[in-house]
2 protein chains.
Amino acid sequence: MSESLLARRARLMGPNVPTFYETPVHIVRGEGVWLWDAGGRKYLDAYNNVPQVGHCHPKVVEAICRQAATLNTHTRYLHEAVLDYIERLTATLGHGLSQAIMVCTGSEANDIALRMAQATTGKRGIIATDNTYHGNTAAVSQLSTRRPPIGGYPPHVRFVPAPDSLRPVGGSAAEQPQAFARNVARAIAELEDSGIGFAGMILCPFFANEGFPALSPGFFAPTEAVIRRAGGIIIADEVQPGFGRLGTHFWGHDWLGLAPDVVTMGKPMANGHPVGAVVARPEVMAAFREAFGYFNTFGGNPVSAAAAIATLEVTREEGLQENARVVGAHARERLRALSHPLIGEVRGEGLFFGVEFVTDDRMTPASAFTARLVERMREAGVLLNRIGRHGNTLKIRPPLPFSRENADLLVDSLERALAQTPVPA
Amino acid sequence: MSESLLARRARLMGPNVPTFYETPVHIVRGEGVWLWDAGGRKYLDAYNNVPQVGHCHPKVVEAICRQAATLNTHTRYLHEAVLDYIERLTATLGHGLSQAIMVCTGSEANDIALRMAQATTGKRGIIATDNTYHGNTAAVSQLSTRRPPIGGYPPHVRFVPAPDSLRPVGGSAAEQPQAFARNVARAIAELEDSGIGFAGMILCPFFANEGFPALSPGFFAPTEAVIRRAGGIIIADEVQPGFGRLGTHFWGHDWLGLAPDVVTMGKPMANGHPVGAVVARPEVMAAFREAFGYFNTFGGNPVSAAAAIATLEVTREEGLQENARVVGAHARERLRALSHPLIGEVRGEGLFFGVEFVTDDRMTPASAFTARLVERMREAGVLLNRIGRHGNTLKIRPPLPFSRENADLLVDSLERALAQTPVPA
């Protein structure tokens, strides 16, 4: 079955279409934290953040159905739902982040955010880390070292070494904040010297694709000061850490202790309905809106707004941020109790966590081992993946209703998989 | 009510957020070709192509509800719905257009199409008409003269004068095909001479934003020959004319008599659910897919695929292409029977048509008159708009179930509105 689906995909979608796992999973049904394949096999979803409140949450499904049967049109007509949503969304944000543009994807959101930086500063230079991913549009793909852009990297994009848990920038965890900031300062100077000028920095405040390194409190403060002195804009890409996932904070930038000018959102916003957003301070929004007559046909339509409202409501009503905090802490406690020679670090926040595997004291990444472990977990019926520069960190980022029992099943399965996966000589 | 909604919009969305009409309409319900405002007033929708098969079509709503309650995940897992849809979609296309990337918006589709041209040719120069709009991403916004991009126009984009009904390029309708092609040839030469090189041309094959000029058969043939000789790619943006709207043809490029390498789609694809697509010949798809590891989280998800399948099925089952042909012809016949001193031309195809208003024999655009007429039609309960370089052409592009009776109501209302709108001295 899967093989013929793969052949159909190649015929209809072309080559090099990404899938997960050596033998991709053919999923046909979802409910809560569970997925079922075409053969009736049940999987624990320990990976997907898109189904924020759980696969096919009845309240979100009902909101979509009700609104789809009533009206679906665009923001050139007036409608209350998009305003109700922006009102509730911005109520969760501080730092003067009070206005939004609704779009359909995180990529569209970041594509706008870059132009907000340009419209606000009159300059174009953007800094990102050297192991990030911010989306798939032509402009945004130029920020991603994980997938090089067509046409190569342009001179207005500069990369700084990503923070790292086990191999800190500057040589030690204590040095890392200042060392990271010095690299940003150097990139700013290069952009200014080149005549391009510095517009801003974009970052995932949890450094998710970088392997979500453990960072000391105040890590970003020296960098923020450098950016502010240079007159740049800070864009926090909350596509992964946002909406309560980190447990202690609703937003990744508040967890990091950062006051962004622009926040971008996507994946979990509407539990899988294609919704993204850019939230900005009014002066940044005005600079963009006045420089460009932006309109997005599907962005903020009543059905998308209804799905996003329901997702936000369920997140609150079911206490999913607190659940992320409690269950995540429990999972990490159990993971830290595992004994295995390759475990380099157990880390993360709330329901975004993982284990980094290394082969020796010099922190040599156990990438192939981690890859085999991911496959073995899939065989055991638990879906997760790996991330970070070397692909040697498990990426565990489940739907937020993930329970203590789900966490126990995850860790028990991992314990068995670790025992079954050969350790490199 | 509308006033306070406008104030809320300004507070929550910022300045310069586009709306239709002097007093924007607050729509709360839709069904078929009808929309209702918050005061219970009913409007005939003669403008929106997004609700392709009619507002809130029960079959599309049911498909969305059923799939949203079953599974909504992404294409890194296998699923049949996205393949079923691409199979049915590409079956409607000739010219070897057999593979697709599913995205969420027409803007995302065009953003990819530009990179397909770059990946295929190794060059970057793009030609578009000087009165078009292809979307809102940073890359695509550079193609649109109707809304200048932030940062200005880059050197790799060249514009050629758009074809025109009443003011033909080259001075006459007979000269227009060759004159248009000569301008394209000149732009190609400029791109090649500058060292940028020519990658391709993007066009709406119906020249919708250009005011959908009446064109002689074979209009594009000389231009196509010029582009082929230069080794460029042709991108047909079918966001407006596609999916049977033109009546005689399912696709705008077949109506124009053009064999594109890439076709992009958006608005009407899934009746309002955020779905777009790029369809390409396999060698063009491979050039892109191998140059860039493209993945779109929401693109081609099972719910989006279900909505798109249902929309395509209803379009066929209800004979909406034939309806567009018959009702569109009837509407134009009735419009041509109207007597009014400012009517310059009645034109269009299927259910995409309009009237261009001019003040004199030199074809001076009656832009202000047309603007007032649009407002008067809104007051009369008929929603439409205006388009073209001078904004003096009515844009009538209703949902496809638009009936003969709907067309009569439209024309009767227009006749009254024409009688009530002062003619400029």
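Let me start with A:Ile127, which, leaving aside residues up to four places away in sequence, touches A:Arg158, A:Val160, A:Val184, A:Ala187 and A:Met201. Please keep in mind throughout that this is a predicted model. This isoleucine lies in strand E5 of chain A, which runs over residues 125-129. Is A:Ile127 buried or exposed? A residue is called buried if 20 or more other C-beta atoms lie within 10 Å of its own, and A:Ile127, with 26 such neighbours inside 10 Å, therefore counts as buried.

In soluble globular proteins, nonpolar side chains tend to be buried together. If we again leave out residues up to four places away in sequence, A:Met116 touches A:Ile233, A:Val262, A:Ala280, A:Val284, A:Ala287 and A:Phe288. Of these, A:Val284, A:Ala287 and A:Phe288 are also among the buried residues of helix H9 of chain A, residues 282-291, and A:Met285 and A:Arg289 complete that list. What covers the buried residues of H9(A) includes helix H4 (106-121) as well as strands E4 (99-103), E8 (233-237), E9 (262-265) and E10 (276-280), which belong to chain A.

Next, the domains. Chain A is divided into domain 1, made of 2-53 + 319-420, and domain 2, made of 58-317, and the centres of these two domains, taken over C-alpha atoms, are separated by 25 Å. The contact between them takes 26 residues from domain 1 of chain A and 29 residues from domain 2 of chain A. On the domain 1 side, the elements that give two or more residues are helix H11 (320-336), strand E11 (343-349) and strand E12 (352-357) of chain A. The residues of that side divide into eleven nonpolar, nine polar and six charged.

Now to the two chains: how many residues does each of them give to the contact? Chain A gives 81 residues, and chain B gives 81 residues. On the side of chain B that touches chain A, the elements giving two or more residues include helix H1 (2-13), helix H2 (58-68) and helix H9 (282-291) of chain B, and by class this side has 41 nonpolar, 26 polar and 14 charged residues.

Finally, helix H12 of chain B, residues 367-379, has 13 residues and reaches 19 Å from its first C-alpha to its last, close to the 18 Å expected at 1.5 Å a residue. Its residues B:Thr370, B:Leu373, B:Val374, B:Met377 and B:Arg378 are buried, and, seen down the axis of H12(B), the buried residues fall within an arc of 140°, so they line one face of the helix. They pack against strands E12 (352-357), E13 (382-383), E14 (385-387) and E15 (393-395) and helix H13 (404-420) of chain B. Just after H12(B), B:Gly381 takes a positive phi of about 90°.

Definitions and conventions
Residues are numbered from 1 along each chain as its sequence is written. Chains are lettered from A and ligands numbered from 1 in the order in which they are written. This is a predicted model: local features need pLDDT of at least 70, side-chain atom pairs count only at pLDDT 80 or more; totals for chains, interfaces and linings use all residues. Two residues are in contact if their C-beta atoms, placed from the backbone, lie within 7 Å. Helices (H or I, at least four residues) and strands (E, at least two) are DSSP runs, numbered from the N terminus. Ala, Val, Leu, Ile, Met, Phe, Trp, Tyr, Cys and Pro count as nonpolar, Asp, Glu, Lys and Arg as charged, and the others, Gly among them, as polar. The expected span of a helix is 1.5 Å times one less than its number of residues. A residue is buried if 20 or more other C-beta atoms lie within 10 Å of its own, exposed if 12 or fewer, and partly exposed in between; C-beta atoms are placed from the backbone. The arc is that of the directions from the helix axis to the C-beta atoms. Domain bounds come from an automatic or database domain assignment.
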